[in-house]
Amino acid sequence: MANTILIGAQWGDEGKGKIIDVLTEDADVVVRTQGGNNAGHTVLIKAQKFVLHLVPSGILRKGKVCVIGNGVVVDPVSLVSEMEGLRKLGVKYKGNLFLSETAHLVFPYHRELDAQRETLQGKNKIGTTKRGIGPAYGDKAARTGLRVLDLIQPDRFKQKLELKIKENNEVLKAFGAKPLLFKNVHEEYRAAGDYLKPFVANTVVLLHEAVRKGKDILFEGAQGTFLDIDHGTYPFVTSSNTTAGGACTGSGIPPHRMDRVVGVMKAYTTRVGEGPLPTENAEVADMLHAMGREFGATTGRPRRCGWFDAVATRHACMVNGIDELAVTNIDGLDSLASIKVCIGYRCDTKRYEFVPNDTEALNRCEPVYAEFPGWEASTSSARKWKDLPPRTRSYLKALAELTGAKLAIASVGPGREQTIVL
Ligand code: IMP
């Protein structure tokens, strides 16, 4: 399969979990490289639904080595609970799951600060998942964070945590929030540290060994291109590099060891949280929500929905160097008589072929649409390209052409088997 970076080409929730699961069949190692438990990757295997937040989705296939890389921010208590949940469902991970010793930790004060800042922002809030992701990456950049290395060394951890709780309680008090009790946080985190210790490794060395042995590695992206801290719709973004470069820094594997980039996108567009979404459309949202679709895997929030935005996916193709496309949720459009696709933005007198950097300008952009005839037939039982209605095939070919990459996978439902590999 070669070393493959898989990224979300829209605003997250593109169905990456399922595509990762499909590609994992041919991978030896699966690595998470950024984000934290703000992610929610859903995989459906024989009617059993798995939602993964920190553990790479590769864990659902036997014998795959799964790595939580140095670029991830880890809430250890939440990770333990996720691992225990998987264990109860019969998923085996002992000897297969590795956690980077340099991954940064998320603490309750990060979560509390996340929530307090959102409240303070009022109507200008980001709409975060309130998992403490921004404040944790903030500590990392400020060089004041604690890492997995610290967590598994009791004396060092106690000393560092004491100081962090003291400092953060001052900030929490200024917000009028309840201070944290060192003893409680310490106990809970130390227990998680003991549980996680056997899984902790120098994952950079481990991954390079895999590269040397010619193993195939899948770099599992979380969130999506327009939530990237550098390339997204700032400030309505997450705090990590969700684009292809993040796979290198978040794992320690250099760019010239990467062989291909797969971009995952829905056949329409969705976003959770605040920020611009040029093709947002209430009718598309109502239709998808009425089908029971498009509710967040992590927070349960209804996602905002709209037409496919080829300006955004073209931009994603450029920033990530996408070679191949995986288009998901095609069946979500089955009932429509006519389908719109955004092929350009108009803002004041300007026309944009790529997403403008100024989020305020993007907010004023009007989409320019092309219209495609719908197929008005169920696609969910299609297993081969020729099983798809001709109009579905034309639509998908147009999406690939407008985006500028090769269509490689078409997904017509959440099940493993509902996948057409071209
Ligand atoms: P945070 O990552 O919790 O700080 O949230 C920042 C923004 O990213 C918000 O708009 C979230 O809704 C969004 N976000 C974070 N993680 C995901 C995800 O896994 N899928 C979709 N949106 C996400």
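Me: How do the residues lining the second largest pocket divide into nonpolar, polar and charged?
Reply: This is a predicted model. The lining includes Ile45, Phe50 and Leu89, and such residues count as nonpolar. Arg61, Lys62 and Lys92 also line this pocket, and Lys and Arg count as charged. Gly63, Gly90 and Asn96 are among the lining residues too, and they fall in the polar class. The division is 6 nonpolar, 3 polar and 3 charged.

Me: What space lies in the second largest pocket?
Reply: Ile59, Leu60 and Val91 are among the residues around this pocket. The space in the second largest pocket is about 220 Å³.

Me: Which residues lie nearest the centre of the largest cavity?
Reply: The search of the whole structure finds 1 cavity of 30 Å³ or more. About 40 Å³ of space lies in the largest cavity. Its lining has 13 residues, and those nearest the centre are Ile7, Thr33, Gly221, Thr243 and Ala247.

Me: What area is buried between domain 1 and domain 3?
Reply: Domain 1 covers 4-100 + 199-262, and domain 3 covers 265-421. The contact draws 37 residues from domain 1 and 41 residues from domain 3. Carbon and sulfur atoms give 59% of the buried area, which is about 3,000 Å².

Me: How many salt bridges does the rule find across the interface of domain 1 and domain 3?
Reply: A salt bridge needs a side-chain nitrogen of Lys or Arg within 4 Å of a carboxyl oxygen of Asp or Glu. The side chains of aspartate 21 and arginine 416 meet at 2.6 Å, N to O, so this pair qualifies. Across the interface of domain 1 and domain 3, the count of salt bridges is 3.

Me: How many residue pairs are in polar contact between domain 1 and domain 3?
Reply: The C-alpha centres of these two domains lie 23 Å apart. With both residues at pLDDT 80 or more, the number of pairs in polar contact is 19.

Technical notes:
Residues numbered from 1 in each chain as written. Predicted model: local features only at pLDDT ≥ 70, side-chain atom pairs only at ≥ 80, totals over all residues. Heavy atoms only, no water. 1 Å grid on protein atoms, 1.4 Å probe; cavity = no way out; pocket = protein on both sides within 12 Å on 5 of 7 lines; lining within 4 Å. Points joined across faces, edges and corners; volume = space filled by probe spheres on them. Domains from an automatic or database assignment. Contact = heavy atoms within 4.5 Å. Buried area = accessible area lost by both parts, 1.4 Å probe. Polar contact = N/O pair within 3.5 Å; in protein donor to acceptor, adjacent residues only side chain to side chain.
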